[in-house]
Amino acid sequence: MKKLIAVIVLLLVAAGGFFGYQGYERSRQTELFSEASVYFEEKDYQKAIQIFEEAREHDNLFSGSLNEQFLYYQAEAYMNLGDYEEAVKIYNRFIGEKPKEARNYVLKGYCYSKAKEYDKAASVYEEAYEQTGEGEFLLNLCNMYIVTEDYDKALSLIEQNRDLKEEDTVRSLLFSEIVIYEKQQEYGLAYEKAKEFSETYPDDENGKKEMEFLESRQ
């Protein structure tokens, strides 16, 4: 019986030591997070990244979502430094863990857009739509095609998605169709599309402005 009690006592002491250490690590990690946040707010992003990295080394049982916050801050710091490649690595990690979460595709696509790697951004938005089904990625993809002057792909995308249930997405795509024809200086077609658009969405102010502009081109 005495041996059993002794074993229990030893286990309790060990557990107390373990959780005490984990509590210390949590406290240290929180301190470092606060310190890094100050550097981040002061726009000393390199120093902030260094301390965020140090904070992550104090991973513990109580870290919870804090490690995720570290990574998001680090990624934003990399973006602010113009180091989009490092930011993308972090977003790829999140995408691997949560492939249905839209936020990380938005941020990854933004990195490629800022780096003017538009083809890569388009690929991100294609994948994002396949994974999430969210219409915003169709709009982003269409915009990438317009930026790269790949108007045929943009028009094909619009044609394929005219019957989507997301009315706001369809409206934006149809407005983009007008813009594409304008950019190609096909003002007659642009006018016809603007007319159709205004008939479908009579309260849309942008549609009205396009109609007025294109009427002057007739």
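These legends describe close-up views of one predicted chain.

The model is predicted, so local features need pLDDT of at least 70 and side-chain atom pairs count only at pLDDT 80 or more, while totals for chains, interfaces and linings use all residues. Residues are numbered from 1 along each chain as its sequence is written, and side-chain values use heavy atoms, with hydrogens and water left out.

**View 1. The chain holds 11 helices and 0 strands.**
Helices (H or I, at least four residues) and strands (E, at least two) are DSSP runs, numbered from the N terminus. The order of elements from the N terminus is α-α-α-α-α-α-α-α-α-α-α. Of the 218 residues, 39% are buried. Buried means under 20% relative accessible area, exposed over 50%, and partly exposed in between (1.4 Å probe, protein chains only). Take the contacts between residues at least 6 apart in sequence: 50% of them join residues at least 24 apart. Contact means heavy atoms within 4.5 Å.

**View 2. Helix α5 (residues 102–114) meets helix α7 (residues 136–147).**
Their axes come within 12 Å and cross at roughly 10°. That angle makes α5 roughly parallel to α7. Axes are lines fitted to C-alpha atoms, for helices over the stretch in contact, and angles run from 0 to 180 degrees between N-to-C directions. Angles under 35 degrees count as roughly parallel, over 145 as roughly antiparallel, 65 to 115 as roughly perpendicular and the rest as oblique. From α5, the contact uses A102, Y105, V106 and S113; from α7, it uses E136, F137 and M144. By class, the contact residues are 5 nonpolar, 1 polar and 1 charged. Ala, Val, Leu, Ile, Met, Phe, Trp, Tyr, Cys and Pro count as nonpolar; Asp, Glu, Lys and Arg as charged; the others, Gly among them, as polar.

**View 3. N143 sits in helix α7.**
N143 is partly exposed, at 36% relative accessible area. A154 is 11 residues away along the chain, and the two C-alpha atoms are 7.9 Å apart.

**View 4. Helix α9 (167–183) is covered by other helices.**
α9 has 17 residues. From first C-alpha to last it reaches 25 Å, close to the 24 Å expected at 1.5 Å a residue. The expected span is 1.5 Å times one less than the number of residues. Its buried residues include L173, L174, I178 and Y181, along with E177 and E182. Among the elements covering the buried residues are α7, α8 (151–160), α10 and α11. Q185 follows α9 and has a positive phi, near 60°.

A190, Y191, K193, A194, F197 and S198 are buried. The face turned away from the buried side carries exposed E199 and T200.

**View 5. K43 lies in the loop between α1 (2–41) and α2 (45–56).**
K43 is not a glycine, yet its phi is positive, about 65°. K43 is exposed, with a relative accessible area of 62%.

**View 6. K116 lies in the loop between α5 and α6 (118–132).**
Phi of K116 is positive, near 60°, in a residue other than glycine. K116 counts as exposed at 63% relative accessibility.
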